[in-house]
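Here is a short report on one protein chain. Look over the sequence and the model before reading on.

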Amino acid sequence: EEKRTNDEDIGLAPILKILRQILSKWWVVVLFVAIFSASGFGVAKATYTEQYTSTLIFKVSNKDKDLGGINGSQITASDAQASTTIATDFKTIMQRGNDFITAVQANVKAQTGKEYDKEDLRSMMNIELLPDSTLVNIKVTTTDKKLSYAVATAIQSVYPAIAKDVFPSAHISVADSATVAELAPDSSPLLYTAAGLILGAGLAIVIILVSAKIQNKLLSTED
């Protein structure tokens with residue numbers, strides 16, 4: 001057991017030596033961390049562009065709202081599964097369907113007087129299914145507050161015709177109407193500052209260890 005303890009001490013020796021080298025030059029680490037963190041924060045602020053997001057939510061059901069009686073009110077497991085499938089298909093149509101994006105393009109042009117490229121319009125939209133539901137959440141984000149809202153209201157305006165043609169027996173409704181676009185939160189200063197901190201600390205440690213190794217070689221040569 002004593003031999004094992006000695007072996008462990010020997011194994012820890014290089015690690016402790018490295019730690020002592022780093023701690024002896026702690027000010028270098030602090031200096032690099034400060035410089036790179038400040039630089040990261042500065043880059044984030046210098047490159048920041050305000051973005052505005054408008055949101056809307058659709059609710060999808062496999063049953064037509066006009067279906068009355070027990071059949072219209074009861075929801076079975078197969079109904080829930082069918083509704084989820086329709087919600088997924090509805091999402092895909094909004095992401096890839098040409099008829100849908102063409103209708104949105106025309107509506108946005110009517111509102112803004114400008115015709116936007118279809119792919120540019122698609123890139124403004126973030127469409128996702130909310131977990132454990134048949135709700136389709138749509139976020140429209142652009143650098144123009146009015147444009148974000150125009151695209152969101154366009155989606156809300158054109159969806160009934162598209163839904164009726166593709167899902168005639170289903171019911172797709174607006175659960176939450178398009179909201180006035182709001183300034184999107186900016187997390188880039190935090191991310192850039194954290195990246196600068198990590199990069200600065202890493203670079204400082206490398207410089208300390210390399211300089212210590214060079215110094216040791218020089219001393220060995222003199223001896």
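## A buried ring

F90 is buried, at a relative accessible area of 1%. This comes from a predicted model. F167 counts as buried too, with 11% relative accessibility.

F90 and F167 form an edge-to-face aromatic pair. F90 sits in helix α4, while F167 lies in the loop between α7 and β4, so the pair ties together parts 77 residues apart in sequence.

## The ring cluster

How many aromatic pairs are there? The count comes to four. In one of them, the rings of F58 and Y159 have centres 4.5 Å apart and planes at 55°, so this pair is tilted. F58 belongs to strand β1 and Y159 to helix α7, 101 residues apart.

F58 is buried, with a relative accessible area of 0%. Y159 is buried as well, at 9%. Ring pairs link F58, F90, Y159 and F167 into a cluster.

## Helix α2

Helix α2 covers residues 26–47. It reaches 32 Å from its first C-alpha to its last, close to the 32 Å expected.

Which residues of α2 are buried? They are V28, V29, V33, S37, G40 and A44. These residues cover an arc of only 145° around the axis, which puts them on the same side of α2. An α-helix has 3.6 residues a turn, so residues three or four places apart point the same way.

## The whole chain

The chain has eight helices and five strands. Of its 223 residues, 30% count as buried. The chain exposes about 14300 Å², and carbon and sulfur atoms supply 59% of that area.

Definitions and conventions
Residues are numbered from 1 along each chain as its sequence is written. This is a predicted model: local features need pLDDT of at least 70, side-chain atom pairs count only at pLDDT 80 or more; totals for chains, interfaces and linings use all residues. Side-chain values use heavy atoms; hydrogens and water are left out. Helices (H or I, at least four residues) and strands (E, at least two) are DSSP runs, numbered from the N terminus. Buried means under 20% relative accessible area, exposed over 50%, partly exposed in between (1.4 Å probe, protein chains only). Accessible areas come from the Shrake-Rupley method with a 1.4 Å probe; for residues, only the protein chains shown count as cover. The expected span of a helix is 1.5 Å times one less than its number of residues. The arc is that of the directions from the helix axis to the C-beta atoms. Rings of Phe, Tyr and Trp (its six-membered ring) pair if their centres lie within 6.5 Å; planes under 30 degrees apart count as stacked, over 60 as edge-to-face and the rest as tilted.
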